[in-house]
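This report looks at one protein chain, from single side chains up to the whole fold. Keep the structure open while reading.

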Amino acid sequence: MTNDARFEDGAEAPLRLKALDADDLAVMSSLTQDAVFPAAQLRWDRKARRFAMLLNRFRWEIGAKAVQKERVQAVLAFEDVMRVQSQGVDKTDPEMVYSLLAITYQPADDGAGRIELTLAGDGAIALDVEALEVVLRDVTRPYVAPSGKTPSHPD
């Protein structure tokens with residue numbers, strides 16, 4: 001007789017998720033909340049119509065009450081991007097570090113829409129997309145969070 005896999009068995013496995021609708025994106029948003037990244041890790045390939053960022057995300061999937069707080073580097077890639085706009089993002093300072101708070105999607109009537117990345121400190125990045133297709137992929141092994149704490153937000 002074989003044993004079924006347990007949820008705990010996947011704790012070290014890297015995330016590989018794809019969002020194709022607003023519900024999928026809400027899950028991805030919760031997993032990337034409080035991810036940090038320097039401005040130098042933002043890339044828009046206009047020709048390929050891809051916007052990507054390398055994040056250091058908190059591993060919410062292991063639980064905020066976990067004894068050892070962990071982060072992991074992950075690529076967050078948006079496909080079919082037609083236009084990128086930003087507010088509160090200093091493109092002249094590649095070392096400036098930003099914190100991602102949420103990812104939301106506003107669909108248009110024709111299947112296109114706008115993805116908004118809300119950043120701490122009133123920053124935002126807006127992506128006009130032809131269709132919703134977002135990929136989140138962990139690219140390193142988890143490491144102990146430098147702060148040793150779970151991110152929190154004042155009420």
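## Asn56 and its partners

The side chains of Asn56 and Tyr143 are joined by a polar contact of 3.2 Å. A polar contact is a pair of N or O atoms within 3.5 Å; within protein, one must be able to donate a hydrogen and the other to accept it, and residues adjacent in sequence count only if both atoms are side-chain atoms. The Asn56 side chain also makes a polar contact with the side chain of Gln73, at 3.2 Å.

Asn56 belongs to strand 4. Helices (H or I, at least four residues) and strands (E, at least two) are DSSP runs, numbered from the N terminus. Is Asn56 buried or exposed? Asn56 counts as buried, at 16% relative accessibility. Buried means under 20% relative accessible area, exposed over 50%, and partly exposed in between (1.4 Å probe, protein chains only). Leaving aside neighbours within four places in sequence, Asn56 is in contact (heavy atoms within 4.5 Å) with Asp34, Ala35, Val36, Arg71, Val72, Gln73 and Tyr143.

## Basis of the model

This is a predicted model: local features need pLDDT of at least 70, side-chain atom pairs count only at pLDDT 80 or more, and totals for chains, interfaces and linings use all residues. Residues are numbered from 1 along each chain as its sequence is written, and side-chain values use heavy atoms, with hydrogens and water left out.

## The nonpolar core

The largest nonpolar core has 30 residues. Such a core is a set of buried Ala, Val, Leu, Ile, Met, Phe, Trp, Tyr and Cys residues joined through side-chain atoms within 4.5 Å. Met53, Leu76, Phe78, Ile115, Leu117, Leu127 and Val134 touch the most other members. Contributors of at least two residues each include helix 1 (22-32), strand 4 (50-58) and strand 5 (70-78). Strand 7 gives the largest share, four residues. In soluble globular proteins, nonpolar side chains tend to be buried together.

Take Leu76. Beyond its neighbours within four places in sequence, Leu76 contacts residues including Met28, Met53, Leu100, Leu117 and Val134.

## Aromatic pairs

How many aromatic pairs does a search of the whole structure find? There are three. Rings of Phe, Tyr and Trp (its six-membered ring) pair if their centres lie within 6.5 Å; planes under 30 degrees apart count as stacked, over 60 as edge-to-face and the rest as tilted. Phe37 and Tyr98 form a tilted pair, with 6.0 Å centre to centre and 35 degrees between the planes. Phe37 lies in strand 2 and Tyr98 in strand 7, so the pair ties together parts 61 residues apart in sequence.

Phe37 is buried, at 0% relative accessible area. Tyr98 also counts as buried, at 7% relative accessibility.

## Ala124

Ala124 lies in strand 9. At 25% relative accessibility, Ala124 counts as partly exposed. Not counting residues up to four places away in sequence, Ala124 touches Gln85, Ser86, Gln87, Val89, Leu117 and Leu119.

## The whole chain

The protein chain has one helix and eleven strands. Their order along the sequence is β-α-β-β-β-β-β-β-β-β-β-β. Of its 155 residues, 34% count as buried. Among contacts between residues at least 6 apart in sequence, 66% join residues at least 24 apart.

The C-alpha atoms of the protein chain fill a box of roughly 50 × 40 × 30 Å, taken along the principal axes.
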